[in-house]
Amino acid sequence: MSPRLKSGERGGQAQVWWRRDGLQYDGDRLIFGGDEVERLAFSAGTPLYLYHSDRIGDNIRRLGAALDGHPLDYRLFYAMKSNRFMPLLSYLKAFGGCGVDVCSPGELMLARQTGFRESEISFTGTAVSDSDLDCLQRHPGVWVNCDSLSSIRRLGSRCPGREIGLRINPGLGIGYATNELLRYSGSKTTKFGIYRQQFESALELAASSDLVVKGLHFHTGCGYLDPQLPVFDEILAACSWFADRVSGLEHVNVGGGLGVPLTAEDAPLDLERWCELLAEHLGQRGLQIWIEPGEYIVKDAGLLVLQVNTVEEKESTTFVGVDGGFNVNMAPAFYRLPLEVVPCRLHGARASAAGGEVTIAGNINEALDILAENVHLPTVKEGDFLAFLNAGGYGASMSSDHCVRGYFLEYLL
Ligand SMILES: Cc1ncc(COP(=O)(O)O)c(C=O)c1O
């Protein structure tokens, strides 16, 4: 049985680990951003993504306040790949305080459509094509991080004199818990960034291509929390080797990767310690720090709501079938990440009421289409709505139309 409840219950309000202002039960109803989730699901239909704008704002403010508490010069870029819902992007633009990091011409266009100026956009792509580079040439104010010698050569031929960043690969990876699938570098050679062995050649190539290296960039994985901070420390130390070799270096982009709790066992990231590490390694060198988080800003600000259509025992497993699968949220199937699921209405006013262990299966005809395996749920019936928490990032943006079941709606609350 999963440890869904941290302690007992008071006044019918379950003391569930994920409870916070803006996300809690009111009696038997799940409330998100001031709205009854079940009511929204009834009116909009499912699959339905809900994003709470206040939570997004809180996440940005919390990050900014931690950084402001240290003598650090920094810039914040929201990683658009985590969620590109236009109303959400517009909210971020209006909220202020952050630019955007994009990884394709399509995302670059969305950023411009939303009102972000070129000077507020950084581009960090991989396997970048000539037509991608042509697009960057037409946007001279966009900051470009090159992650290969090939892209340095081809950008240089288009944009002589341009200032750029070099994406490096420090040979160390980081991610949620021990999940190897979320590491972008480490013992296995990856496609991301320039390794030590090629770094001098990359600098020479940049110079001979008339590009001016002013920034370093690394993004080594996603979802890290406190237990992973010692590795983040090592990554920052490894970055010094690269920084020592760039004369005129102005900033280091430490990527994204900051995680949020996904289970009752996870604690929120200690931002204070994270900032101390940045200050120790980079602040002392007088370098500006750029940060490009996606998950930290949007993941816990979003829910996915699905409707139960089947409750059935097969051998000793109770399967709960729902009207969406890995095509609308691939985190459990592809990345083996936990996706906390809670009923939108409790049968009996307590989250711990009866129920039992179930496996939640999606509606895609693939064996790996399981959203949650052997989790404890209060009583659930056909027709009920379930909310999957922490679905605000890498849910809708990574969706597909597999089995022509790609339809869903998104609401910004
Ligand atoms: C280059 C780069 N920067 C930033 C991010 C955002 O990462 P996260 O959402 O984990 O903060 C990613 C995610 O894949 C990335 O590839």
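The residues in the shell around the ligand split into 5 nonpolar, 8 polar and 4 charged, where Ala, Val, Leu, Ile, Met, Phe, Trp, Tyr, Cys and Pro count as nonpolar, Asp, Glu, Lys and Arg as charged, and the others, Gly among them, as polar. Keep in mind that this is a predicted model: local features need pLDDT of at least 70, side-chain atom pairs count only at pLDDT 80 or more, and totals for chains, interfaces and linings use all residues. Residue numbers start from 1 along each chain as its sequence is written.

**Around the ligand**

- How many residues surround the ligand? There are 17, and the closest are Ala 79, Cys 222, Gly 256, Gly 294 and Glu 295; a residue is near the ligand if its C-beta atom, placed from the backbone, lies within 6 Å of it.

**Domains and the core between them**

- The domain assignment of the protein gives domain 1 as 5-52 + 301-412 and domain 2 as 84-293, with bounds that come from an automatic or database assignment.
- Taken over C-alpha atoms, the centres of domain 1 and domain 2 are 33 Å apart.
- Across the boundary, 13 residues of domain 1 are in contact with 13 residues of domain 2, and contact is when C-beta atoms, placed from the backbone, lie within 7 Å.
- On the domain 1 side that touches domain 2, you get 7 nonpolar, 2 polar and 4 charged residues.
- The largest nonpolar core holds 109 residues, and Val 37, Leu 303, Val 305, Ala 387 and Phe 388 touch the most other members.
- A nonpolar core here is a set of buried Ala, Val, Leu, Ile, Met, Phe, Trp, Tyr and Cys residues joined through C-beta atoms within 7 Å. Buried is 20 or more other C-beta atoms within 10 Å of a residue's own, exposed is 12 or fewer, and partly exposed is in between, with C-beta atoms placed from the backbone.
- Domain 1 and domain 2 both give residues to this core, so it lies between them.
- Leaving aside neighbours within four places in sequence, Val 305 is in contact with Val 37, Ala 41, Thr 46, Leu 48, Leu 50, Cys 344, Phe 385 and Ala 387.

- Helix 4 spans residues 105-114, and its buried residues are Pro 105, Glu 107, Leu 108 and Ala 111; helices (H or I, at least four residues) and strands (E, at least two) are DSSP runs, numbered from the N terminus.
- Looking down the axis of helix 4, its buried residues fall within an arc of 160°, so they line one face of the helix. The arc is that of the directions from the helix axis to the C-beta atoms.
- The cover over the buried residues of helix 4 includes strand 8 (99-102), strand 9 (121-124) and helix 5 (130-137).
- Just after helix 4, Gly 115 has a positive phi of about 110°.
- Over in helix 5, the buried residues include Asp 132, Leu 133 and Leu 136. They cover an arc of only 95° around the axis, which puts them on the same side of helix 5.
- Which exposed residues does the face of helix 5 turned away from its buried side carry? That face has Asp 130, Ser 131 and Asp 134.
- Helix 4, strand 9, strand 10 (143-146) and helix 6 (149-158) are among the elements covering the buried residues of helix 5.

- Thr 124 is in strand 9, and with 26 C-beta neighbours inside 10 Å it counts as buried.
- Beyond its neighbours within four places in sequence, Thr 124 is in contact with Asp 101, Cys 103, Asn 145, Arg 167 and His 217.
- Glu 357 is in strand 18 (residues 356-361) and is partly exposed, with 14 other C-beta atoms within 10 Å.

- The peptide bond from Thr 46 to Pro 47 is cis, with omega near 0°; Pro 47 is in the loop between helix 1 (37-44) and strand 6 (48-51).
- Asn 390 has phi near 55°, a positive value in a residue other than glycine. Asn 390 is in the loop between strand 20 (385-388) and strand 21 (409-412), and is buried, with 27 other C-beta atoms within 10 Å.
- Cys 403 is in the loop between strand 20 and strand 21, and its phi is near 65°, a positive value in a residue other than glycine.

Note on methods. Two residues are in contact if their C-beta atoms, placed from the backbone, lie within 7 Å.
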